[in-house]
Amino acid sequence: MKNNVLSFGTPQELEAKRIAEIKALSYLERLERLMAIIKVSYTLKTAKIIRSKK
């Protein structure tokens with residue numbers, strides 16, 4: 001994967017860029033991204049809250 005660069009533009013332009021980027025990926029790369037999102041989502045869901053003692 002290449003490094004991400006901040007993009008500036010209207011929401012429609014940014015959405016079009018994102019769609020084009022996703023369409024350029026292979027099936028395996030799309031699946032890897034989906035699995036990463038699922039893993040992060042599960043980690044956030046099951047994480048315990050750590051509160052600092054003040």
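I take buried to mean under 20% relative accessible area. On that cut-off, I find that buried residues make up 2% of the 54 residues in the protein chain. I note that the model is predicted.

**Overall make-up**

I looked up the secondary structure and got two helices and zero strands for the protein chain. I then took the accessible surface: the protein chain exposes about 5900 Å². Carbon and sulfur atoms supply 62% of that area.

**Salt bridges**

I counted the salt bridges next, and the total is two.

I began with Glu 21 and Arg 18, whose side chains meet in a salt bridge at 3.8 Å, N to O. I place both residues in helix α1, which covers residues 11–24. Glu 21 and Arg 18 are three residues apart there, about one turn of the helix.

I list Arg 33 as partly exposed, because its relative accessible area is 22%.

I record Arg 18, Glu 21 and Arg 33 as one network, joined by salt bridges that share partners.

**Nonpolar patch**

I searched the surface for nonpolar patches and noted one of about 630 Å². Tyr 27, Leu 28, Leu 31, Leu 34, Met 35 and Ile 38 make this patch.

I looked at Ile 38 in particular. Ile 38 is found in helix α2, which covers residues 27–46. I log Ile 38 as partly exposed, because its relative accessible area is 44%.

Notes: Residues are numbered from 1 along each chain as its sequence is written. This is a predicted model: local features need pLDDT of at least 70, side-chain atom pairs count only at pLDDT 80 or more; totals for chains, interfaces and linings use all residues. Side-chain values use heavy atoms; hydrogens and water are left out. Patches are made of residues with over 30% relative accessible area and no salt bridge: like charges are joined within 9 Å, nonpolar side chains (Val, Leu, Ile, Met, Phe, Trp, Tyr) within 5 Å. Accessible areas come from the Shrake-Rupley method with a 1.4 Å probe; for residues, only the protein chains shown count as cover. A salt bridge is a side-chain nitrogen of Lys or Arg within 4 Å of a carboxyl oxygen of Asp or Glu. Helices (H or I, at least four residues) and strands (E, at least two) are DSSP runs, numbered from the N terminus. Buried means under 20% relative accessible area, exposed over 50%, partly exposed in between (1.4 Å probe, protein chains only).
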